[in-house]
Amino acid sequence: MPANTWNFRSVRDLRRASLDTGVEVDFGAGVHLLPSWTTALDLRPLVPADGPVDWTALDRLPKLVSVSWSGPDRGLTGVLAAQPRIQYLEWFDAQGDLDLRQSAVLRLWINCAGLSGVLLPESLAVLLVQNPRENLRIETRDDRRRLALHLAFDGAEAIIPAGLRATPVVRLGLGGEFSVKALESFTGLRDLTCEFEAPPGRLIDLPLLGQHPGLTRLCLINAYDLDPMTMPDLPCLSTVELVGTRAEIAARLELRFQGRERPQVSARYARPFGEPA
């Protein structure tokens, strides 16, 4: 979805838009006319391909809270430190070492194509990391107990950066197969969501979930190939959710915990018996 479609927040904004003549901004690649009430901005088409960026143009957009960026820093981290109103950051093809500690970013989506390391701010509540590489350094000032983490691997090997292993709430975007063994480095896992984005949706080594006795919630999305009877007994597990699976898998999972108060098992969008996944 283009960033600028996020700008209409109310009927009042729509009325204001009809009267707003806009403001001219120039980041160094030419003048662009933008609504003065712009809240989200994709900077990539507005800045020069290389060379300096005139970041003072952001001063003309006092409502701006969300930006999209690509490639090396080029001064953006300094701008974020000076502009605490910008709290949502989308960074494509990030490169080198990034220091976001002085920013007020609440939600960060980052593609790690050439990223060596990143220092995260204390303000961060949601972190989405796509394709983390081996030896990626992610450092924080706290123990990440308040952070919700989303890791997307696009079918590649699941690599858990060392600086995120204390994160309690984790969502994984997976290819067609995933081994629970890849989770063994997490030290305080409480809430886990695994979403398969390709067939067959195979979850293997399920008994290894027993290494995470503090797990309270498990959600499996498009897991069409798993053996519910190998689910270990976890003392804190209160909820198991299946979204998009086979009806026979859902039935076997309910049988696995039949007669127990916990966990509560729910299944949505299960394929009928006999229907191929």
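Guide: Gladly! Let us begin with two cysteines: the sulfur of Cys219 is 8.7 Å from the closest cysteine sulfur, in Cys194, which is too far for a bond. This is a predicted model, where local features need pLDDT of at least 70 and side-chain atom pairs count only at pLDDT 80 or more, while totals for chains, interfaces and linings use all residues. Residues are numbered from 1 along each chain as its sequence is written, and side-chain values use heavy atoms, with hydrogens and water left out.

Visitor: How do you know that Cys194 is in no disulfide?

Guide: A disulfide is a pair of cysteine sulfur atoms within 2.5 Å. By this rule the count comes to zero disulfides. For Cys194, the nearest cysteine sulfur is that of Cys219, 8.7 Å away.

Visitor: Why is Cys219 called buried?

Guide: Buried means under 20% relative accessible area, exposed means over 50%, and partly exposed is in between (1.4 Å probe, protein chains only). Cys219 has a relative accessible area of 5%, so the word is buried. Cys194, at 2%, is buried too.

Visitor: What makes strand E16 largely enclosed by the rest of the structure?

Guide: First, the name: strands (E, at least two residues) and helices (H or I, at least four) are DSSP runs, numbered from the N terminus. E16 covers residues 217-221, and four of these five residues are buried, so the strand is largely enclosed. E14 is mostly covered as well, with five of its six residues buried.

Visitor: How do you know that E14 and E16 are joined?

Guide: Two strands pair if DSSP finds at least two bridges between them. Five bridges join E14 to E16, and these strands run parallel. Leu192 has Leu218 as its bridge partner in E16, and Thr193 has Cys219.

Visitor: Which other strands are joined to these by bridges?

Guide: E16 is joined to strand E17 (residues 239-243) by five bridges, again running parallel. There, Ile221 stands opposite Val243. E14 also pairs in the parallel sense with strand E12 (residues 169-174), over six bridges, and Arg171 stands opposite Thr193.

Visitor: Thr193 keeps coming up. Is Thr193 buried or exposed?

Guide: Its place is in E14, residues 191-196. Thr193 has a relative accessible area of 5%, so Thr193 is buried.

Visitor: What makes the link between Thr193 and Arg217 a polar contact?

Guide: A polar contact is a pair of N or O atoms within 3.5 Å; within protein, one must be able to donate a hydrogen and the other to accept it, and residues adjacent in sequence count only if both atoms are side-chain atoms. The side chains of Thr193 and Arg217 make such a contact at 3.2 Å. Contact in general means heavy atoms within 4.5 Å. Leaving aside neighbours within four places in sequence, Thr193 is in contact with several residues, including Val170, Leu172 and Ile221.

Visitor: Why is Asn222 called partly exposed?

Guide: Asn222 has a relative accessible area of 27%, so the word is partly exposed. Asn222 lies in the loop between E16 and E17, and its phi is near 60 degrees, a positive value in a residue other than glycine.
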